[in-house]
Amino acid sequence: MNEIDMIIEQTDNWVKKVIMKYNICPFARQEVERGSIRYLVVEQTKVKLVLKALIEECQYLDAHPEAETTLFILPRGFEGFYTYLDLVDMANDALFDNDYEGVYQLAHFHPDYCFEDEPQDSAANFTNRAPYPTLHIIREASMEFALANYNDPESIPERNIQFCERKGSEFFIKLLAECMGK
């Protein structure tokens, strides 16, 4: 297996064994079962090239409605969490500058994700921890539809934090290692 296929497999393991299995995202199961999640490994490490690839991926989604969403995986260059957060800000600006505001939105995941005012070792951070720095490109119309048809969507983040805190950091450290094949 080549490196790109391995990265996709590890990310897919995370989607299925963490996000879907534990209902972190209640909308993931449908897309996994439909096979409508696109996995894109972006090997560029220069911000300008990553942002160009992001907009190209939005254009791909425009032309391919069968792909509901893309996990835009960045295996190198954004290992530092704060560098990654800077990229997230620039990526949101790029969506705006390219008339994609209101069309796509980004969710973001990182192996060292840490919410503001949370200690690094808090289990709550695992709601947004992934094997690799990842931007999740979400169709805004689909998200609006899903949320409108979900009872009490505002409770999802708090429910996930409570679940992660009940399970504890060690549980998720082990689970992510398993997703990576370790």
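I take helices as DSSP runs of H or I with at least four residues and strands as E runs of at least two, numbered from the N terminus, and I take the expected span of a helix as 1.5 Å times one less than its number of residues. The model is predicted, so I kept in mind that local features need pLDDT of at least 70 and side-chain atom pairs pLDDT 80 or more, while totals for chains, interfaces and linings use all residues. Residues are numbered from 1 along each chain as its sequence is written, and side-chain values use heavy atoms, with hydrogens and water left out.

I looked up helix α3 (residues 47-63) and found 17 residues reaching 24 Å from first C-alpha to last, close to the 24 Å expected. Its buried residues (under 20% relative accessible area with a 1.4 Å probe, protein chains only) include Val50, Leu54, Glu57 and Leu61, and the buried residues of α3 pack against β1, β2, α4 (81-97), β3 and β4.

For α1 I noted 18 residues and a reach of 24 Å, close to the 26 Å expected. Among its buried residues are Ile7, Asp12, Trp14 and Met20, and the buried residues of α1 pack against α2, β1 (37-41), β2, β3 and α7 (169-179). At the N-terminal end of α1, I found Asn2 as a cap, with a side-chain oxygen 3.1 Å from the backbone nitrogen of Ile4.

**Thr69**

I then turned to Thr69, which lies in strand β2 and counts as buried because its relative accessibility is 7%. Its side chain reaches the backbone oxygen of Ile137 at 2.6 Å. Leaving aside neighbours within four places in sequence, I list the contacts of Thr69 (heavy atoms within 4.5 Å) as Ser36, Ile37, Arg38, Leu61, His136, Ile137 and Ile138.

**Pockets**

For pockets I used a 1 Å grid over the protein atoms alone, a pocket being an open set of points where a 1.4 Å probe fits, with protein on both sides within 12 Å along at least five of seven lines, and lining residues having an atom within 4 Å of a point. The largest pocket has a volume of about 1000 Å³, and of its 37 lining residues Cys25, Phe27, His136, Ile138 and Met143 lie nearest its centre. I counted the classes of this lining as 23 nonpolar, 10 polar and 4 charged. Elements that each supply at least two of its residues include α1, β2 and β4 (134-139).

The second largest pocket holds about 180 Å³, and I noted Phe126, Arg129, Ile173 and Lys182 among its lining residues. By class, that lining has 8 nonpolar, no polar and 2 charged residues.

How values were computed. Points joined across faces, edges and corners; volume = space filled by probe spheres on them. Nonpolar A, V, L, I, M, F, W, Y, C, P; charged D, E, K, R; others polar. Buried < 20%, exposed > 50% of the residue type's maximum accessible area, 1.4 Å probe, protein only. Polar contact = N/O pair within 3.5 Å; in protein donor to acceptor, adjacent residues only side chain to side chain.
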